[in-house]
Amino acid sequence: MTTAQKILCVLYDDPVDGYPSTYARDGIPSLTSYPGGQSMPSPGKIDFVPGELLGSVSGELGLRKFVEGLGHNLVITSDKDGVDSTFERELIDADVVISQPFWPAYLTADRIKKSRNLKLAITAGIGSDHVDLQSAIDNNITVCEVTYCNSISVAEHAVMQILALVRDYIPQYRLVVEGRWDIADAVSRSYDIEGMSVGVVAAGRIGLAVLKRMYPFDVSLHYTDRHRLTIEQEDELGLTFHPDVESLVKACDVVSIHCPLHPETEHLFDEKLISKMRRGSYIVNTARGKICDKNAVAKALETGQLAGYAGDVWFPQPAPTDHIWRTMPNHAMTPHTSGTSLSAQARYAAGVREILENWFNGNRIRDEYLIVQGGHLAGTGAHSYSEGDTTGGSDEAAKFNR
Ligand code: NDP
């Protein structure tokens with residue numbers, strides 16, 4: 001008989017307007033594989049209805065029946081920040097932690113030190129920068145994420161926000177709701193994207209999907225990455241490769257950020273880099289908030305160096321009510337939602353179940369999902385991350401007030 005394990009799962013709060021009893025659509029399309037051929041999450045079984053809300057506390061990622069059915073203990077909470085939080089209390093003897101980047105349970109070195117049983121940290125989504133990876137390496141904790149589960153969800157969100165910024169959609173919508181018809185006001189910052197230069201920082205799963213989706217808009221496409229795409233991929237989309245981010249930003253009107261947050265990319269977009277961009281550039285950042293220096297972005301929007309900034313990622317999360325990105329001019333931010341559409345939730349809930357099934361059975365977790373294992377960066381993590389820690393300052397999330 002296997003020993004009972006404690007699974008501590010941190011999810012975002014239920015809807016303030018009540019848990020949905022009906023949905024806008026009757027289901028979600030069923031996909032057979034990801035672009036490039038990676039197979040979809042393949043758990044033995046699922047106990048949820050794809051297309052329903054799974055990512056909040058009552059949705060439980062559809063895990064309770066499965067976990068408890070095996071005699072393990074499932075603790076679910078949204079209370080994640082500060083020393084008195086349920087997360088910090090329950091972590092002490094948890095074997096497995098599950099957390100979503102949208103509502104990250106920051107697994108800092110200090111917390112890892114206090115958690116005497118922790119062996120596995122699962123990211124229900126993509127992006128494990130809320131875990132102190134260096135500390136996970138040092139303490140032999142396995143870290144994994146559900147690679148590809150929401151990459152296309154994010155790419156769609158990024159394209160939406162690129163168009164929203166360049167066309168200046170948000171103020172026009174607001175004006176309609178206010179009962180106005182002031183067309184001259186509505187178009188005073190509105191441009192066509194046709195003919196512009198659009199670049200991505202990192203052409204991984206999301207970055208490449210953004211390039212593919214922008215291609216039909218008759219723009220010129222640019223990218224920078226640590227590894228170059230194939231000549232065939234570059235030719236197909238007419239891509240210009242830049243050896244570094246500085247060269248990329250100088251050549252672009254719109255820059256969309258798609259690299260992971262790790263020590264190499266923390267505060268990559270600082271005042272110095274932004275000053276090298278074309279005046280009136282747009283930045284869309286659906287990667288991680290900390291890749292941009294928040295004050296440098298706000299200042300550049302004030303001076304007009306940036307014409308717009310959008311994205312859905314902040315630091316810390318939840319963003320304090322006085323976070324400068326809530327009130328800076330010409331932004332089109334959303335809370336961290338791009339990767340947690342109802343469609344994405346079904347995929348990452350299934351992926352988490354697949355990982356747990358393998359974990360409980362002592363089977364290998366797919367390389368595609370691994371970030372850290374056996375005291376090293378592993379699998380996907382060895383390709384896309386660097387060692388070190390980017391969780392510093394996350395305790396500020398405790399300051400969020402509803
Ligand atoms: P991938 O691993 O497919 O792509 C990441 C790419 O970034 C890789 O090509 C990697 O290069 C490249 N890269 C890493 N470091 C650098 C660097 N210093 N400069 C340039 N390129 C770099 O991941 P995804 O595309 O699926 O996801 C990317 C990120 O998007 C995630 O790490 C996460 O932070 C964020 N994300 C956000 C979501 C949201 O809801 N907003 C949801 C999902 C992801 P190489 O591998 O060639 O070394």
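# Cavities, pockets and sheets in a predicted model

Student: How many cavities of 30 Å³ or more are there, and what makes a space a cavity?

Tutor: This is a predicted model, and the count in it comes to three cavities of 30 Å³ or more. A space is called a cavity if a 1.4 Å probe fits there but cannot get out.

Student: How much space lies in the largest cavity?

Tutor: About 120 Å³ of space lies in the largest cavity.

Student: Which residues of the lining lie nearest the centre of the largest cavity, and what makes a residue part of the lining?

Tutor: A lining residue has an atom within 4 Å of a point of the cavity. For the largest cavity, 15 residues meet that condition, and Tyr106, Asp129, Arg288, Trp314 and Phe315 lie nearest its centre.

Student: How do the residues of this lining divide by class?

Tutor: The lining of the largest cavity has six nonpolar, six polar and three charged residues. Trp and Phe count as nonpolar, whereas Asp and Arg count as charged.

Student: Which domains give at least three residues each to the lining of the largest cavity?

Tutor: Domain 1 (6-149 + 340-378 + 386-397) and domain 2 (151-333) each give at least three.

Student: What classes make up the lining of the largest pocket?

Tutor: There are 17 nonpolar, 19 polar and eight charged residues in the lining of the largest pocket.

Student: What is the volume of the second largest pocket?

Tutor: The second largest pocket holds about 600 Å³ of space. Among its 24 lining residues, Phe102, Trp103, Pro335, His336 and Thr337 are closest to the centre. By class, the lining of the second largest pocket has 13 nonpolar, seven polar and four charged residues.

Student: What makes β8 and β11 the edge strands of their sheet?

Tutor: The open sheet has six strands in the order β8-β7-β6-β9-β10-β11, with parallel pairing. Strands β8 (239-241) and β11 (306-311) each pair on one side only, and they are the edge strands.

Student: How do you know that β6 and β9 pair?

Tutor: Two strands pair if at least two bridges are found between them. Strand β6 (residues 197-201) and strand β9 (residues 254-257) have four bridges, in the parallel sense, so they meet the condition. Val198 stands opposite Val254 in β9.

Student: How many bridges do β5 and β12 have, and why do they count as a pair?

Tutor: These strands belong to an open sheet of seven strands in the order β2-β1-β3-β4-β5-β12-β13, with mixed pairing. Strand β5 (residues 142-145) and strand β12 (residues 370-373) have two bridges, in the antiparallel sense. The cut-off is at least two, so the strands count as a pair. Val143 has Val372 in β12 as its bridge partner.

Student: Which strands does helix α13 touch?

Tutor: Helix α13 (residues 342-361) packs on this sheet and touches β1 (6-10), β3 (96-99), β4 (120-123) and β5. The direction of α13 makes about 160° with that of β4.

Notes:
Residues numbered from 1 in each chain as written. Predicted model: local features only at pLDDT ≥ 70, side-chain atom pairs only at ≥ 80, totals over all residues. Heavy atoms only, no water. 1 Å grid on protein atoms, 1.4 Å probe; cavity = no way out; pocket = protein on both sides within 12 Å on 5 of 7 lines; lining within 4 Å. Points joined across faces, edges and corners; volume = space filled by probe spheres on them. Domains from an automatic or database assignment. Contact = heavy atoms within 4.5 Å. Axes fitted to C-alpha atoms, helices over the stretch in contact; angles between N-to-C directions.
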